[in-house]
Amino acid sequence: MPHSNIPDLFESLRDRLVGDAQTVGSFIDGTNVPGEGRELALIYPADGSLLQNYRDATPTIVERALTSCARGQRAWADLSAQRRGELLAEVGCLIKKHAEDLAILESISSGKAIKGARAQLVAVSEIFRYYAGWADKFGGSVISVPGGQLNYTLREPIGVFLQIMPWNSPLYLAAWHAAPALAMGNAVLLKPSELTPLTALALARLAIDAGLPPGVLNVVGGLGQTIGEAAIANTIVKKVVFVGSIRTGRQVSAAAAKRPIGCLLELGGKSANIVFEDADLEAAAKMAAVAAFANTGQNCVAGSRLFVQRGIYDEFMERVVDAASKYRIGAPLDENSESGPINNAAQYKRVWDMIRLGLDEGAELAFGMAEAPKRQDGFLVGPTVLKNVRNDMRIAREEVFGPVLVAIPFDDEADAVAQANDSEFGLGGAVWTRDIARAHRVAAKVRAGIFWINMYRDMHVATPFGGCDNSGYGRSSGIEALYEYTQTKSVWVPTAHGA
């Protein structure tokens with residue numbers, strides 16, 4: 001799609017799904033609430049042009065949003081679980097109805113390739129339908145106790161959640177976390193990245209259209225330092241969900257601890273993708289590229305550390321370079337693009353700085369560019385492969401969050417596991433081998449919250465997702481997410497004769 005069409009297309013979609021430029025800001029109690037703070041810019045990542053300006057929220061707007069959430073949560077929790085499920089299923093239906101428009105708006109505003117945006121919209125609809133099914137099926141239990149009493153437990157909503165989301169998959173991650181919270185009878189104050197607020201605002205509008213009470217899903221648009229501190233300090237917020245960097249995650253966790261309230265944290269990753277000499281090398285090489293470059297590497301579970309057994313290292317790297325050369329990173333709305341540009345200027349600079357750092361440390365450039373082009377509009381970074389990397393280099397230890405794959409040789413199974421675990425992260429990992437016993441041994445020994453055997457990146461809302469160590473804590477999907485969004489009440493009833 002020609003870039004000259006982007007501004008008009010963006011405005012048309014924004015006006016239909018969110019509201020006109022003057023009203024964009026927050027969404028509270030079923031209506032748009034413009035910001036009152038400093039001016040913020042929405043940038044088109046493909047060429048760096050301005051899409052629109054909007055204003056930051058203020059503590060007063062945060063207070064208004066939370067008061068609305070508290071009121072909406074009481075009304076929402078008073079509905080039967082069956083009714084909540086029906087309404088969440090309707091949200092899923094409306095998302096499916098508007099999927100193409102939402103995907104294009106997501107692609108323009110975040111830089112995500114339209115192929116990926118469309119795939120995620122299918123998942124977003126499914127997420128709401130999945131948790132709609134759980135709304136009336138997750139409950140307590142009866143416990144056998146001595147003394148002639150009946151003891152049973154209830155799973156009750158916690159109340160109002162603050163959910164702080166990043167810019168890499170704005171709508172998908174908003175749905176991933178909001179849907180289970182809503183299914184259990186909670187309300188959500190959603191704080192999207194200030195760089196990508198529009199599809200979160202659209203989601204909240206669709207929730208109202210589906211019949212959710214006003215205030216059940218509010219959105220506050222603006223800066224984290226403006227909104228986060230004010231919201232976490234407010235006693236209406238009962239738990240915080242944060243997806244993003246380790247540094248900010250620590251700040252969020254520390255602020256929550258002062259109250260104290262709980263957190264669910266999804267932070268960074270530097271996942272190990274391990275290839276043994278007996279693997280299907282062609283399949284492993286193709287997937288190594290996808291694992292590292294999908295969504296331009298702006299993916300916390302990216303397979304960014306590739307461990308290759310030493311005996312096949314050179315041969316396998318040739319295959320990986322070939323796969324990288326065929327992986328297309330281009331304009332977001334180009335149907336041939338597999339991934340789009342980096343989302344923003346700060347992250348664009350970070351990616352190039354990390355590539356330069358890796359080369360200065362002694363890594364070799366197997367594919368890609370050593371530095372940013374002198375003249376380029378937007379934030380495009382092509383696939384980059386660094387070989388002969390050591391696991392103690394910063395490029396192998398720090399999350400780049402860009403399309404940068406580092407390849408590290410290993411000697412044997414024990415060496416592979418030791419190097420994989422020599423990391424501050426513990427989110428994802430994979431092993432490629434035809435030895436099924438070894439595959440299960442490695443899966444058991446690598447410290448990670450999600451692990452694949454002879455595959456990578458497949459995920460589904462029905463399975464638990466989360467990490468350990470500096471990758472965060474808690475599980476954000478599947479039945480395990482429902483424990484994060486409920487609290488247990490123990491009820492005792494005397495039943496002995498004469499009690």
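Modeller: Let us begin with Arg397, which is partly exposed, with a relative accessible area of 27%. This is a predicted model, in which local features need pLDDT of at least 70 and side-chain atom pairs count only at pLDDT 80 or more, while totals for chains, interfaces and linings use all residues. Residues are numbered from 1 along each chain as its sequence is written, and side-chain values use heavy atoms, with hydrogens and water left out.

Colleague: Why is Arg397 called partly exposed?

Modeller: Buried means under 20% relative accessible area, exposed means over 50%, and partly exposed lies in between (1.4 Å probe, protein chains only). The value for Arg397 is 27%, so the residue counts as partly exposed.

Colleague: What makes Asp422 and Arg397 a salt bridge?

Modeller: A salt bridge requires a side-chain nitrogen of Lys or Arg within 4 Å of a carboxyl oxygen of Asp or Glu. The closest N and O atoms of Asp422 and Arg397 are 3.0 Å apart, and the pair forms a salt bridge. This pair links distant parts of the chain, 25 residues apart: Arg397 belongs to helix H13 (residues 394–397), and Asp422 to the loop between helix H14 (413–421) and strand E17 (428–432). Helices (H or I, at least four residues) and strands (E, at least two) are DSSP runs, numbered from the N terminus.

Colleague: Which residues lie in helix H10, and how far apart are they?

Modeller: Lys286 and Glu282 both lie in helix H10 (residues 281–293), 4 residues apart, or about one turn of the helix. Their side chains meet in a salt bridge at 3.3 Å, N to O. Glu282 has 46% relative accessibility, so this residue counts as partly exposed.

Colleague: Why does Ser476 count as buried?

Modeller: The relative accessibility of Ser476 is 1%, and therefore the residue counts as buried. Ser476 lies in the loop between strand E19 (472–473) and helix H16 (478–484).

Colleague: What makes the pairing of Ser476 with Trp176 a polar contact?

Modeller: A polar contact is a pair of N or O atoms within 3.5 Å; within protein, one must be able to donate a hydrogen and the other to accept it, and residues adjacent in sequence count only if both atoms are side-chain atoms. The side chains of Ser476 and Trp176 are joined at 2.9 Å, a polar contact. The side chain of Ser476 also makes a polar contact of 2.4 Å with the side chain of Glu266.
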